[in-house]
Amino acid sequence: MNDRDLTRLLQTDPDAGLHAAMQAYASLVKAVLLRILPRDPRDVEECMADTFVSLWRHAARLEQQKTPLRPWLLVTARNKGIDRYHGLRRHAALSLDEELSRTLGEVAAFDRAASDAADWVGALVAAMGPPDREIFLRKYYLLQSSKEIAAALGMTEGAVNTRLSRGRERLRRQLEQKGVCNHG
């Protein structure tokens with residue numbers, strides 16, 4: 001089943017669509033989440049469910065924009081996992097004095113701004129052509145080493161690193177054009 005058929009099925013028959021999406025992408029989503037949340041399988045399962053519910057909620061927009069589902073799911077799973085990780089860390093620190101609490105509020109505001117930038121980066125990575133998109137997804141979302149990526153894609157490690165370097169520079173320029181970051 002291709003991405004367009006899947007997004008249509010999610011809209012017309014959500015149960016069947018979610019089942020098909022999980023059949024196709026659950027192992028990929030789980031692999032991303034296990035790297036971020038390795039301690040408790042319940043956290044991984046909860047984030048997986050949140051990721052697929054998000055897919056269902058955004059199915060119409062994804063179909064309309066012809067967004068490839070694999071990179072979208074990788075970015076969404078990664079963001080849900082990071083959010084859950086931060087939530088678990090905040091929950092662990094129960095007794096905070098007022099100043100520390102205020103500092104955490106500032107960090108949360110920074111996290112929201114960083115999340116917006118992460119959404120832009122995710123969209124830009126999803127728009128990359130092959131093999132750059134695959135390299136970026138493997139490096140920054142599946143957290144694979146350059147050596148692992150090179151072996152999986154039949155490339156040299158140097159070629160992977162060169163593509164990563166050039167891709168990061170392209171992303172930086174695109175983000176600056178959008179006003180998301182300014183290093184200069």
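Student: What is the handedness of the crossing in which helix 2 passes helix 3?

Tutor: A crossing is left-handed if the near helix is turned anticlockwise from the far one by less than a right angle, and right-handed if clockwise; here helix 2 passes helix 3 in a right-handed crossing. Helices (H or I, at least four residues) and strands (E, at least two) are DSSP runs, numbered from the N terminus. Please keep in mind that this is a predicted model, in which local features need pLDDT of at least 70 and side-chain atom pairs count only at pLDDT 80 or more, whereas totals for chains, interfaces and linings use all residues. Residues are numbered from 1 along each chain as its sequence is written, and side-chain values use heavy atoms, with hydrogens and water left out.

Student: At what angle do the axes of helix 2 and helix 3 cross?

Tutor: Axes are lines fitted to C-alpha atoms, for helices over the stretch in contact, and angles run from 0 to 180 degrees between N-to-C directions. The axes of helix 2 (residues 14–36) and helix 3 (residues 41–64) cross at roughly 135 degrees and come within 9 Å. Angles under 35 degrees count as roughly parallel, over 145 as roughly antiparallel, 65 to 115 as roughly perpendicular and the rest as oblique, and helix 2 and helix 3 are therefore oblique to each other.

Student: Which residues make the contact?

Tutor: With contact meaning heavy atoms within 4.5 Å, helix 2 contributes residues including Leu 18, Tyr 25 and Leu 33, while those of helix 3 include Cys 47, Phe 52 and Trp 56. The residues of this contact divide into 15 nonpolar, 1 polar and 2 charged, where Ala, Val, Leu, Ile, Met, Phe, Trp, Tyr, Cys and Pro count as nonpolar, Asp, Glu, Lys and Arg as charged, and the others, Gly among them, as polar.

Student: Is Ser 54 buried or exposed?

Tutor: Buried means under 20% relative accessible area, exposed over 50%, and partly exposed in between (1.4 Å probe, protein chains only). Ser 54, which is placed in helix 3, has 11% relative accessibility and therefore counts as buried; leaving aside neighbours within four places in sequence, Ser 54 is in contact with Trp 72, Thr 76 and Lys 80. Met 1, in the segment before helix 1 (3–12), counts as exposed because its relative accessibility is 67%.

Student: How many helices and strands are there in the protein chain?

Tutor: The protein chain has 8 helices and 0 strands, and 33% of its 184 residues count as buried.
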